[in-house]
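Please keep the sequence and the model side by side as you read.

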Amino acid sequence: MTLAFVFPGQGAQTIGMGKALADAYAAAKAVFDEVDEALGESLSSLIWDGDIETLTLTQNAQPALMATSMAAMRALEAEGVDVTRAAFVAGHSLGEYSALAAAGALSVADTARLLRTRGQAMQSAVPVGEGAMAAILGLDLDAVRAVAEEAAQGEVCQAANDNDPTQVVVSGAKAAVERAAEIAKEKGAKRAVMLPVSAPFHCALMQPAADVMAEALAGVEIKAPAVPLVANVRAEAVTDPDLIRQLLVEQVTGSVRWRESVQYMVAQGVTEAWEIGAGKALSGMIRKIDRSVACSAVGTPEDVQKALQAGD
């Protein structure tokens, strides 16, 4: 068995996530305390007792999801499973930061602050209502790229997330993305769904946010990760801290190559993936990419115990 630890991105957030882990494991509770201190506010109160609209704001969701992933990681470590049990770590968009924190490349406090900055920068890069994202279901990456190109008409419209063989997300100017959704249906897509997001992530419109992150990342120590990171924009393993820093900047405007990242890990011998943190979205994608990979979600104390049994 060759194992990968994968970390979810935005959309997985729920009120109450990580609370059972914090109650069961002192090390998991310490993660939330550290994030609260790093941000100078009680993000944990919002996560556990707040309202979903406020939690879903990009600047809150990003550090909150990382905190939940790291709480699950600390629970695993308390049971004797550390990150070196995995051959690779990988994360979907903001999950890449969680993966780096789990692998010891970034401190939890620095990661929380970076994600708060990233969330604010991504939100303010494009005025609300001017950008959009849509999930195209039933067309492959090449077909969606052709759709995006046809829909652009001088505006930004790009394939942003290559999630699995059945789902590619387009991002860009609102009118162009709406055109892409219609063109995709004409070209045989099963569905084209406008996503409830507050900004057009992973496209050229995010360049102002990439500039902010270049400056923020320049001031943070990045160590070599304890296990290789399969980077979103490369879909291959990286360990060099300077390259990781560069790829985190590129990731803001670049495509999340999740399908290829999973295929890369499988080609390197990965047979099992543990989704560390909130939800099961990545497990669903991985099953569509390669059914031979056994997936487990690790987001509660019960999940931790099941994963330990599966890993024995």
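Ala204 sits in the loop between β6 (191-194) and α10 (207-218), where helices (H or I, at least four residues) and strands (E, at least two) are DSSP runs numbered from the N terminus. This is a predicted model, in which local features need pLDDT of at least 70 and side-chain atom pairs count only at pLDDT 80 or more, while totals for chains, interfaces and linings use all residues. Residues are numbered from 1 along each chain as its sequence is written, and side-chain values use heavy atoms, with hydrogens and water left out.

With a relative accessible area of 40%, Ala204 is partly exposed; buried means under 20%, exposed over 50%, and partly exposed in between (1.4 Å probe, protein chains only). Not counting residues up to four places away in sequence, Ala204 touches Val156, Gln158 and Thr253, contact meaning heavy atoms within 4.5 Å. Gly172 is 32 residues from Ala204 in sequence, and their C-alpha atoms are 7.7 Å apart in space.

The loop between β6 and α10 also holds His202. His202 counts as buried, at 2% relative accessibility. As background, most residues other than glycine have a negative phi. Ser93 has a positive phi too, near 60 degrees. Ser93 belongs to the loop between β2 (88-91) and α6 (95-102), and with a relative accessible area of 11% it is buried.

Now to the helix packing. The table sets out two pairs, with axes as lines fitted to C-alpha atoms over the stretch in contact and angles running from 0 to 180 degrees between N-to-C directions.

| Helix pair | Axes | Angle |
|---|---|---|
| α2 (residues 26-39) and α7 (residues 108-125) | within 9 Å | roughly 55 degrees |
| α8 (residues 141-152) and α9 (residues 174-186) | 8 Å apart | about 130 degrees |

The axes of α2 and α7 cross at roughly 55 degrees. That makes α2 oblique to α7, given that angles under 35 degrees count as roughly parallel, over 145 as roughly antiparallel, 65 to 115 as roughly perpendicular and the rest as oblique. On the α2 side, Val31, Glu34, Val35, Ala38 and Leu39 meet Val108, Ala109, Ala112, Arg113 and Arg116 of α7. These contact residues divide into 7 nonpolar, no polar and 3 charged; Ala, Val, Leu, Ile, Met, Phe, Trp, Tyr, Cys and Pro count as nonpolar, Asp, Glu, Lys and Arg as charged, and the others, Gly among them, as polar.

Arg116 leads on to Asn60, as their side chains make a polar contact (3.1 Å). That term covers a pair of N or O atoms within 3.5 Å; within protein, one must be able to donate a hydrogen and the other to accept it, and residues adjacent in sequence count only if both atoms are side-chain atoms. Asn60 lies in helix α5 (residues 58-78) and counts as buried at 6% relative accessibility. Leaving aside neighbours within four places in sequence, its contacts are Glu41, Leu43, Leu46, Thr54, Leu55 and Arg116.

Finally, α8 and α9 are oblique to each other, and their crossing is right-handed. Val147, Glu150, Ala151 and Ala152 in α8 meet Ala176, Arg179, Ala180, Ile183 and Ala184 in α9. The residues of this contact comprise 7 nonpolar, no polar and 2 charged.

Conventions
A crossing is left-handed if the near helix is turned anticlockwise from the far one by less than a right angle, and right-handed if clockwise.
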